[in-house]
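Q: I have a structure open and would like to learn how to read it. Could you take me through a few features?

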Amino acid sequence: MLLTNPIIISVLVMIILCLFRFNVLLSVLISALVAGLVSQIPMLETMNTLIDGMKGNLQTALSYILLGAIAAAISKTNLTAFLIKIVSHFISHKKYLLVLSLAIIACFSQNLVPIHVAFVPILIPPLLVLFNKLKIDRRGVACALTFGLTTPYMVLPLGFGLIFQNLLVDNLNQNGVSVSLNDVTSTMFLAAFCMLFGLLTSIFIFYSKPREYQEIAIKNMNYDAIKMTRKEWGVLAGLILTLVCQIITQNLPLSGLLGFILMIVLGGVSYKKVDLVFDDGLKMMGFIAFVMLVAAGYGEVLKQSGAVEELVNAVIPFVEGNKFLAIFAMLLIGLVITMGIGTSFGTIPIIATLFCPICLELGFSVSLIIFIIGVAGALGDAGSPASETTLGVSVGLNADKQHDHIKDTCIPTFIFYNGPLLIIGTAIAMFL
């Protein structure tokens, strides 16, 4: 029976725990134990399997920690503020160009200057006065920023994108689908069309009407006093080396390590403060790194439970001969799991374990399998109330207490990005 399958039961337990805002790490660990118990595997053996399976995401976890150290180093300088000072001169006072330029700037936070949402509280509050003057609906700005914070990691093999795409490569290969990084990159760019549709629709159609906000004074940073010192130049040099090494080696842990060492050598990070910076990096990215490690272990438990083949045999009769239904169902399940866990990166090991056998049994092409797993993993990052992306965007836009996290960030981004990824993504997948 499908409903008594250990995988179905454990995934439901995980989703329910996450939706009730129980700790994500503990939710995945408990779900792994549930999968083992339902499969009549001794608890000690289940835990040993989980620990052994964690090695599947070691490179990804190390990448996250090193990238966290680099982000922490950036945050302890005025580099981001200085770059924003330069960029602000090019920001247009025309409504649509301004919003689109914010989407482009956000894209750079995933690769060129990998600080994710940390730039939003620096860049956005000073612009709120301009938004009010132009009567810009901040829901459109939330959609623009979310586009830049999510699309690059799906489609570009740089920074967080290199982590995401390497994660796809590793987990697909571990589940019987032989792929390379080039295969993933050449397929995942199609997801950009879904995201671009959501961006343009939200900005030019749904949130194009003028919206009034109260004029509330906000204490802003004095950009005129910001200068590039030895510390800023050292961090910038480290960032450039990290980026160049990524392109040449396609290895983020090595690139991040070399970049961070250069920051220390050039004085971007004080030798006496290396421990402090690294600790801050661990606080910033360490939890997510461990979620991904445990998710890989959970995926291994699901494999060892012997329930994957049983699940495949139970699902195939429902979707065989109906490619559209099969793709749509898998993307929808990915959306639910990511909404629960709150991180696309932690979803990949779980859905790869579930979906790869089904896709192979249905005779799907390698490109189609890559697209399904990649998009199913990314679905839910935008719009999740617990996602770093939505929380960071709301912090910036709500600096004057006139932007609601759920109504003005989560709901719009959920509709305009998860909707196109689910519907248009399914349509695109039909031709792969």
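Q: Which residues is Thr46 in contact with, leaving aside its neighbours within four places in sequence?
A: Contact here means heavy atoms within 4.5 Å. By that rule Thr46 touches Ala32, Leu33, Gly36, Ile41 and Val301, once neighbours within four places in sequence are set aside. Before we go on, note that this is a predicted model, where local features need pLDDT of at least 70 and side-chain atom pairs count only at pLDDT 80 or more, while totals for chains, interfaces and linings use all residues. Residues are numbered from 1 along each chain as its sequence is written, and side-chain values use heavy atoms, with hydrogens and water left out.

Q: Is Thr46 buried or exposed?
A: Buried means under 20% relative accessible area, exposed over 50%, and partly exposed in between (1.4 Å probe, protein chains only). Thr46 has a relative accessible area of 3%, so Thr46 is buried.

Q: Where does Thr46 lie, and which residues of that helix are buried?
A: Helices (H or I, at least four residues) and strands (E, at least two) are DSSP runs, numbered from the N terminus. Thr46 lies in helix α3, which covers residues 43-53 and has Thr46, Thr49, Leu50 and Gly53 as its buried residues. Looking down the axis of α3, these buried residues fall within an arc of 100°, so they line one face of the helix. The arc is that of the directions from the helix axis to the C-beta atoms. The cover over them includes α2 (24-38) and α14.

Q: What is a nonpolar core, and which residues touch the most other members in the largest one?
A: A nonpolar core is a set of buried Ala, Val, Leu, Ile, Met, Phe, Trp, Tyr and Cys residues joined through side-chain atoms within 4.5 Å. The largest one has 141 residues, and Phe131 and Ile373 touch the most other members. Helix α14 (residues 274-304) gives the largest share of this core, 13 residues. Not counting residues up to four places away in sequence, Phe131 touches Leu98, Leu102, Ile124, Ile136, Val141 and Leu397.

Q: What are the length and the buried residues of helix α6?
A: Buried residues of α6 include Leu98, Leu102 and Cys107.

Q: How many disulfides are there?
A: A disulfide is a covalent bond between the sulfur atoms of two cysteines. The test is a pair of cysteine sulfur atoms within 2.5 Å, and the count comes to zero. Cys359 is in no disulfide, as the nearest cysteine sulfur, that of Cys356, is 6.5 Å away. For Cys107, the closest cysteine sulfur is in Cys143 at 14 Å, too far for a bond. Cys107 is buried, with a relative accessible area of 19%, and Cys359 is buried at 0%.

Q: What does the side chain of Asp408 reach?
A: A polar contact is a pair of N or O atoms within 3.5 Å; within protein, one must be able to donate a hydrogen and the other to accept it, and residues adjacent in sequence count only if both atoms are side-chain atoms. The side chain of Asp408 reaches the backbone nitrogen of Asp404 at 2.8 Å. Asp408 lies in helix α20 (residues 405-429) and is buried, with a relative accessible area of 8%.
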